[in-house]
Amino acid sequence: MMGVVWSLLGILSGAFIAIQAPINSQLARGLGVPVAAAAFSFLSGAIVLGIISVAVVKLNDISLDWKAPAPWLFIAGGMLGGFYVTLSTILTPRIGAAALMAFLVAGQLLAGMLIDRVGFLGVAVREISLGRVAGAVLLLAGALLVRLY
């Protein structure tokens, strides 16, 4: 049962990404600078997540171990997210939300296969099989069809 719930939450998360792209593009149009729109998107998200984090820490009577993670981890995720939000803000009005989402998923799958193959940051190692390559090729072909037709 929980597997179904997690899957539905994953679909909802993907829908949020699709909705976020045109919202940020509209914000960029209004501001005149896509990077500024991405920055404000991140700022509002950081504020909301900061409030939620403080609440979770207080409700569960726990403390954050600021020394445990490697220092670069504090920056890397936000930096990658910043590039994603900025590029999706720029690309949405140019190629459309559907094509952008198709290419995002294709890129995620290709990167995910590489991450699995090398076991990046402790991810379980999984070989790149013929089936995985075929799935990636089909997904990329689908993304191209969504973009071109």
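**Exercise 1. Give the order of elements in the protein chain, from the N terminus on.**

Solution. The elements run α-α-α-α-α. The count is five helices and zero strands. Helices (H or I, at least four residues) and strands (E, at least two) are DSSP runs, numbered from the N terminus. The model is predicted: local features need pLDDT of at least 70, side-chain atom pairs count only at pLDDT 80 or more, and totals for chains, interfaces and linings use all residues. Residues are numbered from 1 along each chain as its sequence is written, and side-chain values use heavy atoms, with hydrogens and water left out.

**Exercise 2. Check the span of helix H3 against its number of residues.**

Solution. H3 covers residues 73–95, which is 23 residues. The expected span is 1.5 Å times one less than the number of residues.

**Exercise 3. Locate the bend in H3 and say what follows.**

Solution. The bend at a residue is the angle between axes fitted to the seven residues ending there and the seven starting there. H3 bends by about 25° at Thr89. Within four residues comes a proline, Pro93. Just after H3, Gly96 has a positive phi of about 95°.

**Exercise 4. Which residues of H3 are buried, and what covers them?**

Solution. Buried means under 20% relative accessible area, exposed over 50%, partly exposed in between (1.4 Å probe, protein chains only). In H3 the buried residues are Ala76, Gly81, Val85, Thr86, Ser88, Thr89 and Thr92. Their cover includes H1 (2–31), H2 (34–59) and H4 (97–118). Across the 149 residues of the protein chain, 17% count as buried.

**Exercise 5. Describe how H2 packs on H3.**

Solution. Start with the geometry. Axes are lines fitted to C-alpha atoms, for helices over the stretch in contact, and angles run from 0 to 180 degrees between N-to-C directions. The H2 and H3 axes come within 9 Å and cross at roughly 130°. H2 and H3 are therefore oblique to each other. Angles under 35 degrees count as roughly parallel, over 145 as roughly antiparallel, 65 to 115 as roughly perpendicular and the rest as oblique.

Now the contacts (heavy atoms within 4.5 Å). On the H2 side they include Ala38 and Phe42. On the H3 side they include Gly82 and Ile90.

**Exercise 6. Describe how H1 packs on H4.**

Solution. The angle is about 130°, with the axes 10 Å apart. That makes H1 oblique to H4. Ile17, Ala18 and Ala21 of H1 make the contact with Leu100, Met101 and Leu104 of H4.
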